[in-house]
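Here is a short briefing on one protein model. Keep the structure open while you read, and find each residue as it is named.

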Amino acid sequence: TLKSRDLPPPKEQYFPSRLVIPVTATKGHILHHFKPTPSGNIRYDVIGGDDVVGVNATGYLFMKRLPVFNKMKIGLLMQTLKTKRNSCTYKEIMIEWPQRLNSIPKFVEDKVELEIPENIAVGSLLHKVSTIDETPVLFSFMNPCLWFSIDPLTGWISISAPVDHETHEQLEVVVVATSSTYPSTNSTSIIIFSLIDCNDNPHIFNQELYNVAVKEDATVGSVLAQLALTDPDKLRDVLSWDTGDSTFSVTSDLELVLSWPLDREKIPSYTLKVTASDGVFMATTRVNVLVIDVNDESHRCLNSTYSVSISESQSPGYLVTTVLTSDPDLESNLSYKLSGHGAEKFSIDNHGEVRLRHFLDRETFPEYLLEATALDPTHAEWSCTSRIYVKIEDVNDNSPSFTINNETITMTEDAVMGMIITQLQVLDFDEGLNRQVQYTLIDSSGLFNLSSDTGILSLVRPLQSSPGSMHSVTVKVSDHGRPTLTCLTTLQVIVLGMNDDPPLQVSSHLHVSVSEDAPAFTSVLQIKAFSDKISRKFSVIYTILEGNGHGEFDVDKQTGVLSTCKLLDFETRQNYQFLVLATSVGDSSLTSYISVNVTVLDVNDNPPRFKVTRYSLQIREDVEVGQMVLKVDADDVDSGRNGEVRFTLDESSRRNFAIDSLTGVLMIGSQLDRENIAKHEVLVEASDQGSPSLSSTATITIDVLDVNDNPPVFLHPNSTAVLQADRLPGWAVFHFAVSDADQTDPDSSTPPSFHMVAGNEKQMFRVDTDGTLRTTDKLNVRLGDGFKLEVKVEDGG
């Protein structure tokens, strides 16, 4: 810092030590004028001052902005230029600013009401507060505020945290403006923010499930159910609806209505996934619609399901089954049609006989689920359907085949007895015994042994062969089917020589495990070959000689890191046996052969699979509790706990049924009642014990057959009839109306019978089979002016 004593100041120049800013001063006010020297070559600079004052080239000291202080010291540097000897002077000047008395900030608006959307982004500017006078002020909130912040200098209010209309419809802050005078003064302004509701909350149905029953002759437009939604937002956008089936629709009043005529014979029930969307959020509920039958005199199918097993070797024309129907009409002229995946391989004639149309292949389609529909040509709306489950039985028509045929493998001349050479892999697309295989060694010169179960080929005695010699090994694989099918392969075993130098040192046998879900290019292990008997430096190159199957693995030639090249599959192959050659690069070639065994570990990547995913059967309603209904089967190709299957029922099915979790045997859990529930849809879930657990489901449709467990009931237990004298015998006096909750079969049921229990001692009345009370003689008042009859009705069960 230069002091005034360092260099002589310009002559006749006056430097004030104190300057007072007038109260009325504004921006640009001149504080002092420094007179120029005769030469006029002086430069002025202000040091410090927070940019409140400035000086121009002509020596005018002026205000650049209003200060926020009472006193402040600045420095003035004056420099003489363009002389033989440059000189400068530094002076300090005290700047004082007396404050206005009673200067209280005044807001432009004492109260402001604003509207902001509740989804406004954090950081958005909302409103700027300001005061009328030019006195500098600082802005702040009277109380801490979570949602807003204010810039103390500019007065801009911004959003600092998300706001929610559903929590607060209105937010209020009090802004304080504090003057910079001493003592300071302040004033306040109220800012009210009204939050505009936005669609930021999902609407939900009040019920997860609606159960609806409707008669099949209900007219289009009938209201089936009143749906209900809850939405926290007050202003809900217009909803768009989807029921998943054009038969039904939803009105703007949330009424589920019928949009298309129903036909219970075609579709007895619907499971609708009703979706309501407002363009942002979507809510779903499930609606079960049960279609109630009306008396339309349609024909019916005697059996709802047929289960048939046929061999895949059967020829076209073979009779699979016959669909049986019954029609109350005297003349029946029904036609039949088949549907379902693979229905084109079967035919059905007008007698309901289902026959093979083409040859079958179990390996392509192991089962078929067909629907046979019986139609009445005169009434298109009358139809019934029977399900036909056709299981194809396997015949031994696929030979086992080697995954690699005529493989060439190598081994060193010093191979020891018991060394595993390779493991053969085969595929057989049959099932059961037809798929189980056995390995047989046909020709091996007595050098090798082959495991009949695993297909592992090993050395049983020393080679005693020169390098380069070759041994042929012929292997036969046979399945256990009838007739037995076989396949042959020939292995070429090449003997490799050993280098005279001491071999590279490495673990002779390495074993590692890798999970089948390991991604491609996962490092499995690192093979390191070395020699501590040779001092010279050398590098090693690693090569997989055999056992790599379809290229699932690779070894880094430089580092010896063995890694996967593609995804593995435990269910396809569980073990890999590699022979790796390590060769040195240098003055002499050193080699070593390393046997690497990689075991693939199973992960739970396969859910249990039901052999049959849909069952249909009929059971009587008087079946005893605990009685076995059927047994479901499910397989899981995973191993260990990943392949252990447990069976469970859904909550609604557990009310009437139970299942053995281990065997899959479905049993009656509680007494059935056809008059209460005539059909049960039982959902069975098969879950494995892996983590996480995987599962699949099968559906069992159970039609409950009626038994005679309800007595007939008079609709009018006590009735009065007026008799007229002199009526001829046979006059109809009264008709007894009877109902029976049990189901009646129009083809085989016996009509109810009526019996006079009391009051007909003179045999004046009889009851016909249709319930009509008739006279047997001409009535006369002398016989009595009234009769009290007691009648009993019995059903034909």
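**A loop residue and its distant partners**

Set aside the neighbours within four places in sequence, and Leu662 is in contact with Arg646 and Phe647. The model is predicted. Leu662 sits in the loop between E54 and E55. From there, the briefing moves to the whole chain, then to its sheets, core and rings.

**More on Leu662**

- Is Leu662 buried or exposed? Leu662 has a relative accessible area of 54%, so it counts as exposed, the cut-off being over 50%.
- Leu662 and Arg646 are 16 residues apart along the chain. Their C-alpha atoms are separated by 5.5 Å.

**The whole protein**

- The protein has 64 strands and 0 helices.
- It has 797 residues, and 41% of them count as buried.
- Take the contacts with a separation of 6 or more: residues 24 or more positions apart account for 67% of them.

**The largest nonpolar core**

- In soluble globular proteins, nonpolar side chains tend to be buried together.
- How many residues does the largest nonpolar core have? The count is 26.
- Val632, Phe647, Phe657, Leu666, Val684, Ile700 and Ile702 have the most contacts inside this core.
- Several strands each supply at least two residues of the core, among them E50 (614–620), E53 (645–649) and E56 (679–688). E54 (657–659) and E55 (665–668) are also on that list.
- Which strand gives the largest share of this core? The answer is E57, with 4 residues.
- Ile700 has contacts beyond its neighbours within four places in sequence, including Tyr615, Leu617, Leu630 and Val632. Leu666, His680, Glu681, Val682 and Val684 are also in contact with Ile700.

**An open sheet of four strands**

- What is the strand order in this open sheet of 4 strands? The order is E25-E32-E31-E28, and the pairing is mixed.
- Strands E25 (305–311) and E28 (335–339) stand at the edges. Each has a single partner strand, so one side of each is left without a neighbour in the sheet.
- From one strand to the next, the twist averages 30°.
- E25 and E32 (residues 379–393) run parallel and are joined by 7 bridges. Ser311 stands opposite Glu393 in E32.
- In a regular strand, side chains alternate between the two faces of the sheet.

**Strand E12 and its partners**

- Strand E9 (residues 125–128) runs antiparallel to strand E12 (residues 156–159), with 3 bridges joining them. Leu125 has Ser158 in E12 as its bridge partner.
- Strand E11 (residues 148–150) also runs antiparallel to E12, again with 3 bridges. Here Ile150 stands opposite Ile157 in E12.
- E11 and E12 form a hairpin with 5 residues between the strands. In this hairpin, Gly155 takes a positive phi near 85°.

**Aromatic rings**

- How many aromatic pairs does a search of the whole structure find? It finds 16.
- One of them joins Phe248 and Tyr270. Their ring centres are 4.9 Å apart, with 80° between the planes, and the pair is edge-to-face.
- This pair links distant parts of the chain, 22 residues apart. Phe248 lies in strand E20 (residues 248–250), and Tyr270 in strand E22 (residues 269–277).
- Phe248 and Tyr270 are both buried.
- Why does the pair of Tyr576 and Phe578 count as stacked? The planes are at 10°, under the 30 degrees cut-off, so the pair is stacked. The ring centres are 6.0 Å apart.
- Tyr576 is buried, with a relative accessible area of 3%. Phe578 is also buried, at 2%.
- Phe714, Phe734, Phe736 and Phe754 form one aromatic cluster.

- Where is Asn597? Its place is in strand E48 (residues 591–601).
- Asn597 has a relative accessible area of 9%, so it is buried, the cut-off being under 20%.
- The side chains of Asn597 and Gln577 are joined by a polar contact of 2.7 Å.

How values were computed
Residues are numbered from 1 along each chain as its sequence is written. This is a predicted model: local features need pLDDT of at least 70, side-chain atom pairs count only at pLDDT 80 or more; totals for chains, interfaces and linings use all residues. Side-chain values use heavy atoms; hydrogens and water are left out. Buried means under 20% relative accessible area, exposed over 50%, partly exposed in between (1.4 Å probe, protein chains only). A polar contact is a pair of N or O atoms within 3.5 Å; within protein, one must be able to donate a hydrogen and the other to accept it, and residues adjacent in sequence count only if both atoms are side-chain atoms. Rings of Phe, Tyr and Trp (its six-membered ring) pair if their centres lie within 6.5 Å; planes under 30 degrees apart count as stacked, over 60 as edge-to-face and the rest as tilted. Two strands pair if DSSP finds at least two bridges between them. A nonpolar core is a set of buried Ala, Val, Leu, Ile, Met, Phe, Trp, Tyr and Cys residues joined through side-chain atoms within 4.5 Å. Contact means heavy atoms within 4.5 Å. Axes are lines fitted to C-alpha atoms, for helices over the stretch in contact, and angles run from 0 to 180 degrees between N-to-C directions.
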